[in-house]
Amino acid sequence: MASMTRTRSGTIPSMETSGHGFTDNTIIVVFGASGDLAKKKTYPALFGLYRNGYLPKDVHIIGYARTKMDEEEYHKRTTSYIKNPNNDPEVAAKIEEFKKLSSYVSGNYDDNPSFQNLARHMEAIEKGYKTRGVNRLFYLALPPSVFVPVAQHVKVCCYATNGTNRIIVEKPFGKDLQSCRELLSSLKQSWQEEETYRIDHYLGKEMVKNLLVLRFANVAMGAAWDKHSISSVQISFKEPFGTEGRGGYFDEFGIIRDILQNHLLQVLSILTMERPVSFASEDIRDEKVKVLRSIPPIKREDVLLGQYVGANGKPGYLDDDTVPKGSVCPTFAATTLWINNERWEGVPFILKAGKALNEAKVEIRVQFKDVTSGIFKDISRNELVIRIQPSEAVYLKLNTKTPGYAFRAIPTEMDLTYKRRFTDTNIPEAYEALILDAIKGDHSNFVRDDELDVAWKIFTPILHWIDGREGPRPKPSPYPYGSRGPKELDSFIEKLGYKRGTGEDYSWPTTNVSNL
């Protein structure tokens, strides 16, 4: 019988909230309730919080969208992606309870009468509260084209004067620096910064949140965390599928806006920031902004673009009927960022993202420098790999002596795979964690306005180049569907000093995704 180890937990006293948490008298309004984001992410996350007892007492959820539908159709849509694979009667009962605390209002996004109708619906629910104060959380699961009118109408018609109001805004936050500033300015006319929660779901992922503890709670980690020990850092995002009918939306934004400028840059900022004064939200966000300000705009020579073509029976990007004919929109991008501060000067940070690649994976790969030459020859470099998804894990690649009489060094790994180490732990979905943070009033894992501004400064010049604002648009390199990316990728990375292992003596542990 396996023994269970009980470990004492350390505390983080400075991980405090920036506002009071909602404990009762709470209404959550989901705008865009009929859309894919709401049914695939928002409502399953709300159900996960409800099932585990994290939603406020007597909470009520209101769905709002233009679609005309009755309560039965609404509940069918909002629970269609809630998982109950074993038909557990307890889960089924919770789903039925969840339906009863949710209602639907249909209306437009651009006129006061629609929002006044929503306000009357909320007020009817709030009449049943035993105390006067109310809490209203507005979640905008909407395209950015309607962010501003919805935010303005909510403020005019649905803002509670006798309680606390918060608004969650989904990405994308603009398309470049200018459009981002216009969006920020428009939202600020209605909502204060402390009321606004700009959601980037990567900040809710377990391993991204874990970076703060890995870095600052381990002396051994901090000692080697600079240009003197680290040769290069790669942050990679890989999807094994293409646009699949969503080419029209994707072509408008491209892989850099979709993944690099937000998700991967967020990971980079946490990975490289200095130790905050505390883990209070503003202290963390201050340090993230500080390190991003040290990154100059990306140069064209530090960019590799690709677009997938048909292979292995799979269609190419241009074969998608929803993609504009002859589009040169990149579906793959690798960019090198440089941080001009004392800790990181000279270390290349390579951000890579692509669709229709050979696997599904998001990871951070920190490669350390070579050991001093003299007593070793052709020895592998140490690498720290933090897998964000799937199957959260941390690997530290080390050299060790081969067992037995021979005196040779071989690479092996110290392996912390979460599903093996923490067998009884349920890791929450990113949206669950972030919605809970908003309910608590914790801004730590949300994007501040000045952080957005400096992030767009880094990427806007190359985005304008790719968009054709400064001459002809660059043509991306073709790569076969299901490959690692463009053939130029290896030389792009190797010129920055990265050394790929030979693969003869060592292979990374693999994960069978079908069993996850």
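This is a predicted model: local features need pLDDT of at least 70, side-chain atom pairs count only at pLDDT 80 or more; totals for chains, interfaces and linings use all residues.
1. Helix α10 covers residues 281-292 and helix α13 covers residues 449-466; they pack at an angle of about 20 degrees, their axes 9 Å apart. Angles under 35 degrees count as roughly parallel, and α10 and α13 are therefore roughly parallel to each other. Their crossing is left-handed.

2. From α10, Lys288, Val289 and Leu292 make the contact, and α13 contributes Asp450, Glu451, Val454 and Ile458. Sorted by class, the contact of α10 with α13 holds 4 nonpolar and 3 charged residues, with no polar ones.

3. Helix α13 also has a contact with helix α6, residues 177-188: the axes of α6 and α13 come within 9 Å and cross at roughly 165 degrees. That makes α6 roughly antiparallel to α13, and the crossing of this pair is right-handed.

4. Here the α6 side consists of Leu177, Cys180, Arg181, Leu184 and Lys188, which meet Asp449, Leu452, Asp453, Trp456, Lys457 and Thr460 of α13. The classes in the contact of α6 with α13 are 5 nonpolar, 1 polar and 5 charged residues.

5. Finally, an unreviewed UniProt entry places the feature "domain: Glucose-6-phosphate dehydrogenase C-terminal" at residues 212-498. In the model, the end C-alpha atoms of residues 212-498 lie 25 Å apart, and the span is 30% helix and 23% strand.

Terms used:
Residues are numbered from 1 along each chain as its sequence is written. Side-chain values use heavy atoms; hydrogens and water are left out. Axes are lines fitted to C-alpha atoms, for helices over the stretch in contact, and angles run from 0 to 180 degrees between N-to-C directions. Helices (H or I, at least four residues) and strands (E, at least two) are DSSP runs, numbered from the N terminus. Angles under 35 degrees count as roughly parallel, over 145 as roughly antiparallel, 65 to 115 as roughly perpendicular and the rest as oblique. A crossing is left-handed if the near helix is turned anticlockwise from the far one by less than a right angle, and right-handed if clockwise. Contact means heavy atoms within 4.5 Å. Ala, Val, Leu, Ile, Met, Phe, Trp, Tyr, Cys and Pro count as nonpolar, Asp, Glu, Lys and Arg as charged, and the others, Gly among them, as polar. UniProt positions are given in the numbering used here, feature names are shortened, and annotations may be inferred rather than shown by experiment.
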